[in-house]
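Hi there,

Here is the structure I promised to pass along. Have a look at it first, and then read on for what turned up.

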Amino acid sequence: ARVAARRRHMPSVRSSRAEDGVLESMTQQLLQISSVFLVQQSELQQVRDRLTKELGRVNGIAEALTFAAQQHQDAVLAVIQNYESVAGIGAASAAAFPPMSLP
């Protein structure tokens, strides 16, 4: 009877050891996956930080270009106004002092 009891008990011990091995293997695999996820999360954070820095730089460039375009437009308008002013003075002078005809 003891031998029969041992035989019945032996498969469960083997089964329990096999299950422990499977669980240990699965745990190791999950830890490896978690490690990969953590590395990827760190890499993504670094990319995000670089992109945030670049976005700040691009915004600074856009602001500088907007300012330069406004200055250029103001300068062009000033040149046009000066030209119109000079042309107006020239026209008024010509009207006030008509060309003299030579005898």
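E54 and R57 sit 3 residues apart in helix α1, so about one helical turn separates them. Their side chains meet in a salt bridge, with an N to O distance of 3.2 Å. Please keep in mind that this is a predicted model.

Side chains of opposite charge can pair when their charged atoms come close. A search of the whole structure finds 1 salt bridge, and E54 with R57 is the pair that forms a salt bridge here.

Now for the fold as a whole. The protein has 1 helix and 0 strands, and helix α1 covers residues 2-96. Of the 103 residues in the protein, 0% are buried. The accessible surface comes to about 9700 Å², and carbon and sulfur atoms account for 63% of that surface.

One more feature may interest you on the nonpolar side. Which residues make the nonpolar surface patch of about 390 Å²? The patch is made by L30, I33, V36 and F37. Among them, V36 lies in helix α1. V36 counts as partly exposed because its relative accessibility is 43%, and patch residues need over 30% relative accessible area.

Best wishes

Notes: Residues are numbered from 1 along each chain as its sequence is written. This is a predicted model: local features need pLDDT of at least 70, side-chain atom pairs count only at pLDDT 80 or more; totals for chains, interfaces and linings use all residues. Side-chain values use heavy atoms; hydrogens and water are left out. Patches are made of residues with over 30% relative accessible area and no salt bridge: like charges are joined within 9 Å, nonpolar side chains (Val, Leu, Ile, Met, Phe, Trp, Tyr) within 5 Å. Accessible areas come from the Shrake-Rupley method with a 1.4 Å probe; for residues, only the protein chains shown count as cover. A salt bridge is a side-chain nitrogen of Lys or Arg within 4 Å of a carboxyl oxygen of Asp or Glu. Helices (H or I, at least four residues) and strands (E, at least two) are DSSP runs, numbered from the N terminus. Buried means under 20% relative accessible area, exposed over 50%, partly exposed in between (1.4 Å probe, protein chains only).
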